[in-house]
Amino acid sequence: MASTSTKPLLRVLAGEALSPPPWWLMRQAGRYLPEYRRVRNQAKDFVELCLTPALAAELTLQPIRRFGMDAAILFSDILMLPYALGQGLAYRDGEGPVLDAIADAAGIGRLDAAGALLRLEPVLEAVRRVRSTLGPQTALIGFAGAPWTVATYMVEGGSSRDFRRVKGWAYRDPQGFAALMGMLTAATTEWLSAEIAAGVEVVQLFDTWAGVLPESGFERWVIEPTREIVAALKKQHPECPVIGFPRGAGVLYERYVAETGVDAVGLDTSVPAAYAKTRLAPRVGVQGNLDPVLLLTGGAALEAAVRELRQSLGGARWIFNLGHGVLTETPPEHVAALVRALTRPMVSG
């Protein structure tokens, strides 16, 4: 069913196929932009940056002003939710996020779900500011980390290479781990609902570490919480599309699409375009999946890859994006070249 909106992103999410496709980029607001670095210096740390509405709104809008994406995505971070739940969080140069690790029921007991939304009110104010500023063709995307991915950071105390702590807890004590996942599922639903009420028009669930689980774990800790969140959001906000991004899911992308209820699925770099068009696009919208290194590289390699994606996914309900986030070293002029490649008329034959 076609959307009543004129915004290209919302039209595709409602079932239309557009040429050229609507586009935005994961991590489109960030350190690759010189204007980002100037604003970043106005906050003492990254948490303060996310919780200062004027700064977060400005960062959200910067790439739209420069490149004219079809969507702005709220400048924030998936770990603001554990922060709002009361978990200690810091961002250290060269190390990334560092959290006070949770390992058991006592750690869960120290969290405070009741006060989370109040602590995140500055982020909602940033949503309201951005929505009031965007032009009539640009959609606003809100987001959250999916429960499994957020749990990996909360239990590991930060990033991990092998996920032995979080997977070990889930394997050894599934009921105990389910208590954390249940809290995150409820808090994520509440948080996304609040974002929608504040003005976002689309939400995306980032399950960055979905691909580290075997199928049984993927079913329990990725599919089931996502299905619960999507069902609740559809009941509360039936007009708001949900995009899921189960990075690294491989052949389990099909189960994810079939069983979660998402309106569109984000494709990581490894997903073949032909597979996406024949196996996924008949069921949902597809989003992706240019390799971020190609955007970093630029030139003929970028041009050829964009042309190949357009040829492969043209005619599908397709939103152009990367297979992961913009790399910090990416020259802004390469993003400008991407815009030209995406909007250039396709030559048949």
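## Packing of α11 with α12

In this predicted model, helix α11 (residues 174–198) packs against helix α12 (residues 215–236) at an angle of about 30°, with their axes 10 Å apart; axes here are lines fitted to C-alpha atoms, for helices over the stretch in contact, and angles run from 0 to 180 degrees between N-to-C directions. Helices (H or I, at least four residues) and strands (E, at least two) are DSSP runs, numbered from the N terminus. The two helices α11 and α12 are therefore roughly parallel to each other, given that angles under 35 degrees count as roughly parallel, over 145 as roughly antiparallel, 65 to 115 as roughly perpendicular and the rest as oblique.

## Other features of α11

Helix α8 (residues 121–133) also packs with α11, at an angle of about 35° and with the axes 8 Å apart, and α8 passes α11 in a right-handed crossing. In this contact Val 123, Leu 124, Val 127 and Arg 128 of α8 face Trp 191, Ala 194, Glu 195 and Ala 198 of α11, a set that divides into six nonpolar, no polar and two charged residues.

The 25 residues of α11 should span 36 Å at 1.5 Å a residue, which agrees with the 35 Å between its end C-alpha atoms; the expected span is 1.5 Å times one less than the number of residues. Within α11 lies Met 183, which, leaving aside its neighbours within four places in sequence, is in contact with Ile 108 and Leu 111. Met 183 and Ile 108 are 75 residues apart in sequence but 8.7 Å apart in space, C-alpha to C-alpha. Just after α11, Gly 199 takes a positive phi of about 135°.

## Helix α17 and its cover

In helix α17 (residues 332–343), the buried residues (under 20% relative accessible area, with exposed over 50% and partly exposed in between, for a 1.4 Å probe and protein chains only) are Pro 332, His 334, Val 335, Ala 337, Leu 338, Val 339, Ala 341 and Leu 342. Their cover includes α2 (34–40), α4 (53–67), α15 (292–297), α16 (299–313) and β9 (318–322).

## Backbone exceptions

Most residues other than glycine have a negative phi, and most peptide bonds are trans. The bond from Ser 19 to Pro 20 is cis, with omega near -5°, and another cis bond joins Gly 288 and Asn 289, with omega about -15°; Asn 289 lies in strand β8 (residues 285–290).

Phe 163 has a positive phi of about 60° and is buried, with a relative accessible area of 4%, while Arg 27, with phi near 60°, is partly exposed at 49%.

## Basis of the model

Residues are numbered from 1 along each chain as its sequence is written, and side-chain values use heavy atoms, with hydrogens and water left out. As this is a predicted model, local features need pLDDT of at least 70 and side-chain atom pairs count only at pLDDT 80 or more, whereas totals for chains, interfaces and linings use all residues.

How values were computed
Contact means heavy atoms within 4.5 Å. A crossing is left-handed if the near helix is turned anticlockwise from the far one by less than a right angle, and right-handed if clockwise. Ala, Val, Leu, Ile, Met, Phe, Trp, Tyr, Cys and Pro count as nonpolar, Asp, Glu, Lys and Arg as charged, and the others, Gly among them, as polar.
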